[in-house]
Amino acid sequence: MKPISHMRFLLALLSTVLLLAGSVFVVPLMGSSPAVAAGSTAADGTSANGGKSGGSEVAITLDEVTPWVDAKGTLKVRGTITNPTDEAISDPDLHLAMSMQKLDSGRKIESWKTDQSQNRSIADLENNGPDARKKAEEGSNGDSDPMTAVDTTFEDEIAAGSSAEFTISVPADDLGLQKSSPVSNWGPRGLSVQLGDATGRLASEVGFSTWYPSPKFDKTKISMLAPVTIPAHTSDGIIAPDVLDKAIGKGGSLTSIMNVLDTPGVGIALDPRIIASFESAVAEPPPEDDGSDPEESETPSPQGTETATTGPDAQDTEPGANSDDEGGDESEAQEDQRKRLDTWYQDFLAEAESHTVIALPYGDPDQASLVDSDLESLGKFAQKQRQIVKDVLPKAKTDIAWPVAGSAQREHLADFAKAGDQTVILSNNQQPSLAGVHDDAHSKTRITADAQSSIDTLITDTALAQQSAKIIGSDHPASGISELVATTAAIQAESPYRTRHLLLPMPRTAASANWEGTVKSVADAPWVDPSGIDDLLDTDPVPRGLLQSGADPKAIGTKAVHSLAETRATQKKFNSVFSDPASANTRLDRELLSCTSVAWTLEGSAKSCADDAQASSEKVRNSLYLEKGSSVLLVTGEETTIPVTIVNDSPAEASMSIRMKPKTPQLRAEPTETVVVPSQETMRVDVPVEGLANADVPTTIEMVATDDVVLPKNETLLVRVRADWENIGTAVVGLALAAVFVIGLIKTISRGRRKIPEQQLADAMARAHNDESETR
């Protein structure tokens, strides 16, 4: 055997020391790697291998995570442990681990969520629970410095089918993070809450917190854009007052919007449908019994409006919750609602004046899909409707297009510019940064391939937008909010001494309470300078990459587009029957736009909404019809009329004439004059006819609009023509009179004849007999 050299011995000894030291700091807690631990979940609710955590497994949800901590602060993590299994968790152990290194890039954040091997424990139940803290306080000689604390609602076990809450607090001094060289040491850290027992780890959940020992650098400007819309299909494109009333109530989407507007610099992307709906709801009701016909306003009546079925404004109140108490006055309740809506509406307009307002096309439609389809004219109508916002908020911008992320192509930009838009909101996936880092959001892009013309662009940060969308849809948003704030810190760390201005849009759905926490947490981060959209538009455009096609962007399905286009063409033709076809077409287009909204597009519900719109259209077309009359009528050879009854169950006044079309020439019919049938009323019309010859004539009765459009609901009638009926009737009457005369004459004669006595009659008969014998 060769003797071991001194150098090899020293190297072996050094390796052993480093290995032992590493085992102290790099701790795969509770005997299992976080990447493969049972029940381990990431911030978005996925397990370490990408699958969803099973509903039958032990799980941890976080309800509070301190998004950033300074040198005097305290990290707080609060959450709930759920044990849905059939077995109790005995002697549970709870740990809070922190990443050993700062996660100063989006790539590092994503990587750590699936590989948490580089963690260290900063708090656990055994060393920081109530008993341990009590012992520490007894030996501290009255030292009142804050202590790391782990408090739970369980003691020795977590019962089967139960839940338990926990709170972990770690003062800044106990985090083990350096305060010196703040610019070098600040940044996001990953947090992992881990639960285990004697068998190993049972569950974990991750969050993030940013260490901020007051470094000095330029802040990142972030403009946040909050869409104000209530997506839902309605039969006239107007949101019903009851839905609006719920939206402004506690927990409603519009209440959340008002709370978001408390944060300075938040921009508003306002759907004209909101304004039109409030204007309709708060309008003074017409005086009753004034003898005048109410004129149809530009804003359609919300009668027959369907309510939202999903989202924070869904009609989930108890039956009778919105109805009057027994014996109450319904009109008073409606007036109270109207005043309540008016108060909120006026407050909103006043608040909106201090924010940048971008007027969306009506219904916030998927603009690119409309431009590329038979619904192009519908898209133009939606853009013109932005004037509704301008009328109540004169400073609102009506020249900014916001297509679905990744959907806009160069030809779409040309269409937007042709329609009067000067700026288009795109994603950084379509117009990437040239510097390889998050760059300013204000840029330009070419409209034509020869670069002769261009249009301003505002570039949204895809990472921030996607994270905010996850937060909005989460029942436990604390983890997501902490990750969003950590991502903004990672962006700041890329270029700490370079001022940049980013754009963060909220999801284009109805607002929720999670919006408030998201906006406030980002705005409160000390490295973020919340700024308005106007400030972003005033910055100099920075060069970015060429416009790229989005990776499989969302869009309305082809079947849905075809269905909507067909419904629109059919209904517009029918609308010519109404006295005010322009208003009827407006109601129709607004309804169809509610099916093209970005919210429907992203959720894949456009087809079902298109089916609802088609059914609504059929209902309107069936609301004008003729009552079924008697199938047998007798018509003389002279000119006469046949009565026809028109029923108008539609929401608008109709103008039409009635046309009877006989199948054979024995009957002649003339169209009626144009008649006006009020909404929800019936009217009798006399159709001029003339019978020419005896026959049973099948006829079709049609309703015809003023431009000769025949309505789909017709009626059939069998007309029995008896052209000589009057002469036959005269002869019958004459014969009857003659018969009466003859019968009367006979009776008169009978009453005037004398009666011959029997003896005289016998004598006369005898003489007659004798005379006959003599003659022989």
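A: H7 and H16 are roughly parallel to each other, because angles under 35 degrees count as roughly parallel, and their axes cross at roughly 15°. This is a predicted model, in which local features need pLDDT of at least 70, side-chain atom pairs count only at pLDDT 80 or more, and totals for chains, interfaces and linings use all residues. Residues are numbered from 1 along each chain as its sequence is written, and side-chain values use heavy atoms, with hydrogens and water left out.

Helix H7 covers residues 253-260 and helix H16 covers residues 513-524; helices are DSSP runs of H or I with at least four residues, numbered from the N terminus. The axes of H7 and H16 come within 8 Å. Axes here are lines fitted to C-alpha atoms over the stretch in contact, and angles run from 0 to 180 degrees between N-to-C directions.

The crossing of H7 and H16 is right-handed, that is, the near helix is turned clockwise from the far one by less than a right angle. On the H7 side, the contact (heavy atoms within 4.5 Å) is made by Ser256, Ile257, Asn259 and Val260. H16 contributes Ala513, Trp515, Glu516 and Val519. By class, the contact of H7 with H16 has five nonpolar, two polar and one charged residues. In this scheme Ala, Val, Leu, Ile, Met, Phe, Trp, Tyr, Cys and Pro count as nonpolar, Asp, Glu, Lys and Arg as charged, and the others, Gly among them, as polar.

For comparison, helix H2 (residues 106-114) and helix H15 (residues 478-494) pack at an angle of about 140°, with axes 9 Å apart.

Technical notes:
Helices (H or I, at least four residues) and strands (E, at least two) are DSSP runs, numbered from the N terminus. Angles under 35 degrees count as roughly parallel, over 145 as roughly antiparallel, 65 to 115 as roughly perpendicular and the rest as oblique.
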